[in-house]
Amino acid sequence: MKSRSTLATWLGSLDSSRLARVLGARQDAVSLPEPRSLGELADRLQRPGSVALVLPRLALPHLQVAEALAALGSPASRDALVELLGAVDDATTRELDAVLEVLADQALVWPDGAGQLRMTGSLRQAWDTPLGLDAPLEELLAGTTSDELRGMLVALGVKPPGTKPQRLAALVEHHSDPEQVASVVAKAPAAARELLDRLARNAAKQPQFVVSGFPGPDLEPGARWALDRGLLIQDRHRYGPARMPAEVALALRGPGWHAPFDPVPPCPRLASVTPAETDREASAAATVFVTHAASVLAACSATAPARLKSGGVGARELARIGKAAQADDAVVRITLETAYAAGLLGPDGGLVAPTEAYDAWAEQEPPEQFAVLVQAWQNLPLTPTQARDEDNRALPAVAGAPPCGGCVQARLGLLAAAAQLPAGQGARVSSDLGPLIAWRRPLADSSPQDGTPFAGVIREAELLGVLARGALSALGIHLRTGDTEGLSIECRRLIPSATAVARIGADLTAVVTGTPSTRLTALLDSVADRETSGTASVWRFSARGIRRALDAGRIPEDIAADLAAVAGGPLPQPLSYLIADTARGHGRVRIAPAACVIHGDEPVLLAELAAHRGLAALRLRQLAPTVLVSRSPIDTTLAALRAEGYAPVAETAEGTVRMEKTRSQRAAALVPTPRGSSARDSGRIAVAAPRAKAPAAVDPNTLANRLLTAPPTTPEPAPFDGGVPFATDTEEIVAGWAKRLPYSDIRQLAHAIDAGQAITVEYVATSGSRTVRTLSRLALDPPHLEAWCHLREAERVFTLSRIHSVMSVMPE
């Protein structure tokens with residue numbers, strides 16, 4: 001029975017509650033429109049895209065059991081699975097049953113009613129070589145001739161039957177008996193024994209020898225002996241190493257070898273923690289973060305950060321924002337990424353500017369502000385605090401990097417891992433949660449810069465108060481369950497409302513405990529300079545800050561009144577004196593805009609110019625009896641005065657009279673060198689040549705006919721455009737991943753890989769920067785290319801899709 005109908009039959013055998021559980025676990029595959037039958041539902045559940053969404057959410061034992069079933073092949077008996085995993089005791093068996101139950105709820109593995117376990121075909125395709133085992137012997141021998149099978153049986157000491165199917169069955173039967181395989185290998189030469197044992201133990205790795213087509217005389221010692229007996233099989237239809245059948249690998253690994261199965265999660269070192277302690281630390285962390293976040297976004301509102309040409313906010317702008325907001329780089333990056341995801345920031349030409357949604361957010365209380373940012377953090381498709389790429393170069397923020405599903409799973413894995421800790425217990429060292437995250441989400445991504453696994457995401461959770469004292473806080477509990485209303489309630493309970501009052505002291509400081517309100521922050525930022533921020537923020541008054549308010553059009557009385565209103569009483573005498581003294585000296589020197597200055601020795605003449613209606617367009621303004629300023633440039637002012645009958649002269653910047661000479665205009669183009677002159681005469685002065693005749697006009701109809709009758713010059717189509725097939729397998733593999741390369745570049749890169757030649761490529765890193773690199777020692781590992789990078793003088797891994805062009809090796 002086909003796998004699809006088998007799954008449909010199993011779904012039809014479930015009761016309504018169990019079927020509802022399967023549908024709930026696979027909501028991604030049963031979205032609207034609703035399936036019209038169990039067959040249609042089974043089809044959706046088995047689609048590769050649906051299975052790909054489920055795999056990242058599975059824990060380590062689920063993936064281990066699924067891989068073991070993939071190695072056994074579908075269908076497989078439960079007893080064979082138990083034996084392969086080494087589940088000998090009752091506790092391990094119960095854990096295995098629980099894992100199979102979860103896989104069944106995900107419609108990935110199900111019993112077929114005949115005592116066999118089946119798995120969806122798209123799940124089997126998730127592993128090329130499950131458990132490091134290649135295909136079974138019967139599959140690898142599909143293209144072998146009858147004479148070759150006879151030779152293998154004779155070499156093994158088995159009498160060959162008469163027909164090819166019988167010989168194939170006899171060889172499969174022999175290799176399926178681990179004792180017979182072990183007996184044959186025990187009599188092998190030492191080199192063959194060493195080779196087979198190494199390949200069996202490290203089957204997931206590539207063998208150290210590669211042969212193409214029929215095996216030749218240059219094999220590794222011992223390889224010929226193994227090939228003659230079917231212990232290794234050479235695939236003659238493609239390039240690649242000789243392959244070890246799954247039966248042989250299992251036999252050589254011995255009866256004591258079992259597939260890995262870790263049903264029990266790692267246990268971090270624990271310490272007692274009370275709910276009150278968790279609340280207290282989470283409240284402090286969340287309050288500090290939302291205070292800094294408000295300052296970061298206020299700095300962006302005052303001066304929108306500029307975007308790099310490659311996209312995103314660069315390190316220099318991040319440092320400027322952090323200095324203005326008194327926040328470190330991690331907080332700035334988290335704030336920008338979460339605000340961008342929440343729609344508080346958006347692209348505006350070459351800037352990243354606040355949106356209208358930011359204005360509404362800024363008017364909210366800190367608990368509501370924090371809830372918006374922390375929910376955006378949970379679903380970020382990246383790790384915002386990852387500040388360096390694989391080449392240790394700074395990564396910009398809000399750069400629009402490709403979505404990282406593993407980053408989301410790392411965050412969800414942290415929430416799941418912390419939620420499973422015993423009640424009243426927290427990790428003694430928060431980094432100990434890293435191995436537990438890896439067990440909960442094996443396919444999650446950890447930043448390569450992390451000293452310990454998942455250190456970056458753990459640190460982010462602590463900064464936000466989601467994780468406190470090594471345990472999941474009340475904020476984290478509601479964030480994990482998706483309870484938006486409960487999260488809002490906890491935010492209001494743990495995060496205090498904004499403070500609208502400041503304590504202004506005689507030392508010219510203003511201290512605000514808690515999170516200052518938007519109005520209070522704007523007032524203090526306009527007249528003072530912020531020194532610290534966090535659980536308490538401090539501003540210091542100075543003449544510079546008061547002048548800043550006066551320059552903005554405020555008057556001293558209003559400044560004093562506004563500060564007295566937020567202080568709840570009269571201002572300290574030193575601050576009142578500072579405001580009065582600064583205002584007294586403000587504006588004693590004035591600067592007027594002027595494009596040019598008009599001056600002379602006759603006050604009456606200059607007064608006449610200022611009142612002249614014909615010169616109104618110059619917008620003249622009299623600063624002194626003998627000085628006028630004009631808003632128009634000097635040449636425009638000269639022309640206007642002369643047009644009205646006056647005789648002004650222009651001065652240079654040094655005050656001397658500018659002499660005006662009329663010069664004859666000449667063409668700037670060079671006269672072409674006369675035809676027939678030699679290279680030796682090219683340095684001489686060219687003599688003007690008679691102008692050449694203009695080309696005769698071409699009739700458009702004549703030109704069109706000429707173009708239509710011209711022979712075609714269209715190049716031969718590439719293989720993926722319906723042309724000739726690929727020349728090599730390497731070309732086909734490169735073409736499948738390097739989507740940006742034309743076929744000519746694909747051929748050049750594939751030839752360099754096969755021939756072991758160096759190549760020069762244009763590569764675009766994840767940060768968006770473009771570099772030209774010379775690569776050698778190329779090794780293809782789709783979707784990556786491993787090579788020695790001459791730019792970095794080190795081994796590097798390059799993503800094929802990020803290679804934009806290929807060139808010959810550039811000369812030194």
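**Stop one: a nonpolar patch**

Select V649, V657 and M659: together they make a nonpolar surface patch of about 340 Å². Patch members have over 30% relative accessible area and no salt bridge, with nonpolar side chains joined within 5 Å and like charges within 9 Å. A salt bridge here is a side-chain nitrogen of Lys or Arg within 4 Å of a carboxyl oxygen of Asp or Glu. Areas come from the Shrake-Rupley method with a 1.4 Å probe.

This is a predicted model, where local features need pLDDT of at least 70 and side-chain atom pairs pLDDT 80 or more, while totals for chains, interfaces and linings use all residues. Residues are numbered from 1 along each chain, and side-chain values use heavy atoms, without hydrogens or water.

Zoom in on V649, in the loop between helix 31 and helix 32 (700-709). Helices are DSSP runs (H or I) of at least four residues, strands (E) of at least two. V649 is exposed, at 58% relative accessible area; exposed means over 50%, buried under 20%, partly exposed in between.

**Stop two: a positive patch**

Now select R590, R619, R621 and R631, which form a positive surface patch. R631 lies in the loop between strand 16 (627-630) and helix 31 (634-643), and is partly exposed at 38%.

**Stop three: paired strands**

Next, show strand 12 (residues 528-532) and strand 13, antiparallel with four bridges; pairing takes at least two DSSP bridges. A528 partners F541. In the hairpin turn, look for G534, whose phi is positive, about 150°.

How values were computed: Lys and Arg count as positive and Asp and Glu as negative; His and the chain ends are not counted. The place of a charge is taken as NZ of Lys, CZ of Arg, CG of Asp or CD of Glu. Buried means under 20% relative accessible area, exposed over 50%, partly exposed in between (1.4 Å probe, protein chains only).
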